[in-house]
Amino acid sequence: MNLGHRITALGRGTLDLLESLGRAGIFLLQSSISIPSREGWHLWLRQMHFVGVMSLAIILVSGVFIGMVLSLQGYTILVDFGAEEALGQMVALSLLRELSPVVAALLFAGRAGSALTAEIGLMKATEQLTSMEMIGVDPLRRVVAPRLWAGFVSLPLLTVGFSVVGIWGGYLVGVEWLGVFEGAYWSGMQSSVGFLDDVGNGLIKSLVFALVVTWIAVFQGYDLIPTSEGISRATTRTVVYSSLAVLGLDFVLTTLMFGELG
Amino acid sequence: MKRSKMMEFGVGLFMLAGILGLVFLGLRVSGLGNGVGGETFTLYADFANIGGLKPRSKVTLAGVRVGQVANVELDQEWFEARVTLELDADLEGQLPRDTTAAILTSGLLGEQYIGLSVGGDPETLAGGDTIRDTQQALVLEELIQQFVSNMVRE
Amino acid sequence: MTDAMLVELEGVRFSRGEKEIFRGVDLQVPRGKITAIMGPSGTGKTTLLKLMGGQLTPDSGCVRIAGQNVHRLSRRDLFRLRRRMGMLFQSGALFSDLDVFENVAFPLRVHTDLPEAMIRDVVLMKLEAVGLRGARGLMPSELSGGMLRRVALARAVALDPELILYDEPFVGQDPISMGVLVQLIRKVNQALGLTAVVVSHDIKETLSIADYVYVISDGQVMAHGTPASLDVDRDPRVSQFIHGEPDGPVPFHYPAPDYFSDILAEGMRS
């Protein structure tokens, strides 16, 4: 009897999961495919400001610090082997391949993702989405689509910014402070970083993360139970689910992209 | 209206900064500007052992960077490594025929690169030629083995 | 099926999860009149409006508006039908990122190609009708609850709909704004000759404006008639509701085991 109950619970859990995945998939299709219009462009711009520009500060500041720490840690290890010349290479590769896409995506989920969920959730709770439907406007197109596209475009740009300031932060600590030869910092970097292999793959990663994080954020907002408790839960879920998804997908993508490079 | 203009301006700046950042990553960080960007010509060199040489490793002449390794493949006939070099087009027809290519290491454990040193032959190398005189990579184990066997002989 | 009825519900059943909310509701809304739907809280009056607006689908039965079965329409036709309807939500549901003017202009912008000057005229006209022309530059967060609803009313009638649905228009209003809203609803109805459905449990206000009243309880229509006839209705359930008596057929107590044995059981446990 007890075992039967558990099996039933397992089955119900699986079905619930599949159902919500299905709903999320249909949701993504319905909202992302729409005819661009002049008005849609304005709505998108607005969200670009909200999602992208407003996240710039936290992303850039974090990037500088990560680059500086990376440089400091790398130097203390490399100097033991007399290989501090390789500092630039180490900083650039760790940032481009791994840290920028992942850390920027995590910060983005915390800063912009949770705000998207809360905003859409609040619009749902105050019946704004329903009233939009009653006016005869599809909220998927009007509310969700611009946010989805803004997130999708913003995160890769933010990731690029993160890498650039991170490399600069590494330069500050490594070259200006610890005294690594400047030419070695840049030339070591240039000889080991491939534009398509490293910069390109890093960008692909961040595109995937952008899609996943924004998708989770807007879907959680759209699908939540419209009470204050529901909103706070959905916001938490956005951050938790997107963080897990980013880290898990990062492993998969890294295996596919850099697995054979050794 | 005013606020929306400011916002559009901000988003425009944001996009521009992202694109500039990408350009920076391309030119300054992955070094697309030097080597691949300018005119190049190709030389080949066969090595018995290339050690840790990889595509994009630098090629220097008298310590100055003049190009990079474009490709490394195994010569199925002689079982040697055939390395393709991309060099600045300015050097085409300037390098003597007896130029040597050696695989060197920067620092004790640093990256490996190819160092060219010129000879005195009046004839010069043209695009597609092969550098005959090469010096393979230094492999630490072989070095130690040599050293030990010398000791034993003495 | 007469042409005089704009909205018709036939045997509508609807349940949410295990709970059955409607067990066969029949009602008709005559064209050009104010029809009130009343009932105790929790009887699903708002759900009924959502069924009319096509946002929820009944388990069985049908909802016809102007002769069209709402739940048989394609998404596109449904949206087209909704342009002929306005709905006033409990909270007003103004778009929080647009100011008062843009909120009222919203339906005009998405559904018409009117030039900007014309949109401005229409919006100011509607705002004047609800007495808030001076507040056009304010954001919804700067308005009081009563003003929010008046702006929402202006937005709901922006496209001159045939049918307007009011969801609890009087809830949580002070006496003055309540009076203003009652007057407005009546005025809008007379001036534009539109059909209105008012869902409410504020008896006095609703009876004062309604032409016809349906009282809903336990998922069914319990009584219907003109306000005057309901006032003298002998049915104890109806009179309890209409006269606001605390106890009667609708019990004061939530279903519970016997009080005495419940207390004893608590004592036994500790």
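# Contacts and rings in a predicted model

Mentor: In this predicted model, 14 residues of chain A are in contact with 24 residues of chain C. Local features need pLDDT of at least 70, side-chain atom pairs need 80 or more, and totals for chains, interfaces and linings use all residues. Side-chain values use heavy atoms, without hydrogens and water; residues are numbered from 1 along each chain, and chains are lettered from A in the order written.

Trainee: What makes two residues count as in contact?

Mentor: Their heavy atoms lie within 4.5 Å.

Trainee: How much area do chain A and chain C bury between them?

Mentor: About 1800 Å², with 59% of it on carbon and sulfur atoms. Buried area is the accessible area (1.4 Å probe) that two parts lose on being put together, summed over both. In chain A, Glu127(A), Met134(A) and Ile135(A) lose the most area to chain C, together 38% of what that side buries.

Trainee: Why is the meeting of Glu133(A) and Arg82(C) called a salt bridge?

Mentor: The definition asks for a side-chain nitrogen of Lys or Arg within 4 Å of a carboxyl oxygen of Asp or Glu. Here the N to O distance is 3.8 Å. That is within 4 Å, so the pair counts. The count between chain A and chain C is one salt bridge.

Trainee: Why is the pair of Phe27(A) and Tyr222(A) called tilted?

Mentor: Rings of Phe, Tyr and Trp (its six-membered ring) pair if their centres lie within 6.5 Å; planes under 30 degrees apart are stacked, over 60 edge-to-face, and the rest tilted. These centres are 5.3 Å apart, with 40° between the planes.

Trainee: What makes the pair of Trp149(A) and Phe152(A) edge-to-face?

Mentor: Their centres are 5.8 Å apart and their planes 80° apart. That angle is over 60, so edge-to-face is the word. Both residues lie in helix H6 (residues 139–177) of chain A, three residues apart. A helix here is a DSSP run (H or I, at least four residues), numbered from the N terminus.

Trainee: How do you know that Trp149(A) is partly exposed?

Mentor: Buried means under 20% relative accessible area, exposed over 50%, and partly exposed in between (1.4 Å probe, protein chains only). Trp149(A) has 37%, so Trp149(A) is partly exposed. Phe152(A), at 26%, is partly exposed too.

Trainee: What makes Arg82(B) count as sitting over the ring of Tyr44(B)?

Mentor: CZ of Arg or NZ of Lys must be within 6 Å of the ring centre and within 35 degrees of the ring normal. The charged end of Arg82(B) sits over that ring, 4.6 Å from its centre.

Key:
Helices (H or I, at least four residues) and strands (E, at least two) are DSSP runs, numbered from the N terminus.
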